[in-house]
Amino acid sequence: MKLVLATNNQGKVREVSRILEPLGIEVMTQKEAGVHLSPEENGKTFAENARIKALAVYRATGLPTIADDSGLCVDALDGEPGVYSARYYGEETPYEEKNRRLIAAVDASGRERTARFVAHITCVLSEEQILDCEGVCEGQIGHAPAGDGGFGYDPIFYVGGKSFAQLDGQEKDAISHRGKALQKLYEQLDALTKNQ
């Protein structure tokens with residue numbers, strides 16, 4: 001099976017491909033499908049934003065499409081950055097700076113450092129057949145960034161004493177929000193194939 005991935009984020013492309021290819025699902029970027037879209041993510045939830053992206057790229061290509069909307073929800077910041085994770089502190093602000101400022105905000109709050117990564121995946125097979133699944137990974141905001149793997153907020157999100165950026169791909173995929181959501185998607189797709 002081949003799916004178009006509705007994103008321009010190369011970190012997501014690498015991660016989704018790495019998780020799905022061993023399951024027999026080939027991932028094509030929207031660029032490879034000849035689509036240059038950046039739909040406005042104006043939903044209030046991860047699910048709404050994932051659906052906006054998936055439907056826009058599906059309608060432009062006519063091919064089965066998946067989209068992921070994900071983000072970091074920090075308890076000390078009342079769930080922020082949440083759906084605004086990519087735009088938090090400004091879209092052009094480098095993640096090194098975003099991470100530094102987010103740690104400072106958590107430090108200043110004096111509250112628990114608990115946080116979670118949430119990923120919502122929408123898969124559009126047709127206008128009538130749309131699959132949704134979500135994965136959550138609980139963790140903590142570290143006192144300092146660590147590691148040079150991953151992308152985005154990975155260097156400051158810690159699970160079991162290591163940041164996401166310190167884990168290799170296989171370790172991260174086994175516990176990550178995106179890994180869990182994509183495993184659920186695979187199970188739904190597998191069940192559909194068997195029922196046809």
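Modeller: The largest pocket holds about 830 Å³ of space, where a pocket is an open set of points on a 1 Å grid over the protein atoms alone, fitting a 1.4 Å probe and having protein on both sides within 12 Å along at least five of seven lines, and the volume is the space filled by probe spheres set on the points, which are joined across faces, edges and corners. This is a predicted model, in which local features need pLDDT of at least 70 and side-chain atom pairs count only at pLDDT 80 or more, while totals for chains, interfaces and linings use all residues. Residues are numbered from 1 along each chain as its sequence is written, and side-chain values use heavy atoms, with hydrogens and water left out.

The lining, meaning residues with an atom within 4 Å of a point, comprises 35 residues, and N9, K12, E41, K53 and A86 are those nearest the centre of the pocket. By class there are 11 nonpolar, 12 polar and 12 charged residues, with Ala, Val, Leu, Ile, Met, Phe, Trp, Tyr, Cys and Pro counted as nonpolar, Asp, Glu, Lys and Arg as charged, and the others, Gly among them, as polar.

At least two lining residues each come from helix 1, helix 2 (46-61), strand 3, helix 3 (95-109) and helix 5, and strand 3 gives the largest share, four residues; helices (H or I, at least four residues) and strands (E, at least two) are DSSP runs numbered from the N terminus. These belong to a chain of five helices and seven strands.
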